[in-house]
Amino acid sequence: MINLQFFGAARTTTGSMHLLEANGKKILLDAGLYQGSRKEAFEKNRQLPIDPRDIDAVLLSHAHIDHCGNLPTLAKRGFRGKIHCTPATADLAEILLRDSVHLQLRDLEIVNQKRAEQGKNLFEPLYLEEDVDRVMRQFSPEPLHSLIDLGNHATAVFREAGHILGSAITEELTKAGSTTMDELASVAQAWLDWAAHPDAWLMMPASEILAVADGGQLN
Ligand SMILES: [Zn+2]
């Protein structure tokens, strides 16, 4: 049984985050930072569409901050599962997430200085270096083409995406079992193209579908 919910980049240009339910497992596809106006970003990045404690695992497509930048917030709020990504993505994500902390602190310094002068309460950063330390321990680097076990017979495979170093398209593999074509039809046409995979597995290239929903390009 599969289901896909679009939270982020399908309608906006940044902040990719989608929920895939595969055989009862809740798998988050990316957890990006929204990078619009300061006020909008402040609100959107703090309002997560799902309780992080309910997420079983994350599949991270690549290290750009609009795809990985909100991972420390998940860890800060109780997500304890694994973050599956390619080894290069894990290395790059650590650099970019630590940089994200410094950028936020620098931005807040300016904002809070103004707010202090106006007698307003001061804003807290979305997350700190210690939250990045914590989330990095949850990263589980997976080589391209290896089978990633997500539990309950749901598995995934990373394939080369050619976007940035380490970027990957994810194929979700779920035993066909109770999933019918009718159920699939409600998700996306692109999934249907893959549904007749000859080895009796159902193959769903989730990130690729998200890319289609995004206008045909990975962001
Ligand atoms: Zn990107």
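Let's start with the buried residues of helix 4: they are T89, A90, L92, A93, L97, S100 and Q104. Keep in mind as we go that we are looking at a predicted model. So what covers those buried residues of helix 4? The cover includes helix 2, at 65-68, helix 3, at 71-76, and strand 5, at 82-85. Helix 5, at 129-136, and strand 6 are also part of it.

Helix 4 itself runs over residues 87-117, which is 31 residues. From its first C-alpha to its last it reaches 46 Å, close to the 45 Å expected at 1.5 Å a residue. Just after helix 4 you will find G119, with a positive phi of about 70 degrees.

Now let's step back to the whole chain. There are eight helices and 10 strands, and 38% of the 219 residues are buried. If we take contacts between residues at least 6 apart in sequence, 64% of them join residues at least 24 apart.

How confident is the predictor? The average pLDDT of the chain is 78, and 72% of the residues score at least 70. Please be careful with residues 176-219, where the pLDDT is below 50. In the model, that stretch still has 68 contacts beyond near neighbours in sequence.

Nonpolar side chains tend to be buried together in soluble globular proteins. Here, the largest nonpolar core has 34 residues, and I27, V58 and L71 have the most contacts inside it. Which elements each supply at least two residues of this core? They are strand 2, at 18-22, strand 3, strand 4, helix 3, strand 5, helix 4, helix 5 and strand 8. Our friend helix 4 gives the most, with four residues.

Have a look at I27 on the screen. Leaving out residues up to four places away in sequence, I27 touches L20, A22, D56, A57, L59 and L150.

Next, P52, in the loop between helix 1 and strand 4, which covers 57-59. Is P52 buried or exposed? P52 counts as buried, because it has 20 C-beta neighbours inside 10 Å, and 20 is where the cut-off for buried begins. Again setting aside residues up to four places away in sequence, P52 touches L74, R77, G78 and F79. P52 and L71 are 19 residues apart along the chain, and their C-alpha atoms are separated by 9.8 Å.

D30 is not a glycine, yet its phi is positive, at about 70 degrees. H145 is not a glycine either, and its phi is also positive, at about 70 degrees. You can find D30 in the loop between strand 3, at 25-29, and helix 1, at 38-46. H145 sits in the loop between strand 6, at 139-141, and strand 7, at 148-149. H145 is exposed, because 11 other C-beta atoms lie within 10 Å.

D149 stands opposite T155 in strand 8. The hairpin has four residues between the strands, and in it G151 takes a positive phi near 90 degrees.

Terms used:
Residues numbered from 1 in each chain as written. Predicted model: local features only at pLDDT ≥ 70, side-chain atom pairs only at ≥ 80, totals over all residues. Buried ≥ 20, exposed ≤ 12 C-beta atoms within 10 Å, placed from the backbone. Contact = placed C-beta atoms within 7 Å. Pairing = 2+ DSSP bridges. pLDDT = per-residue confidence, 0-100. Expected span 1.5 Å × (residues − 1). Core = buried A, V, L, I, M, F, W, Y, C linked by C-beta atoms within 7 Å.
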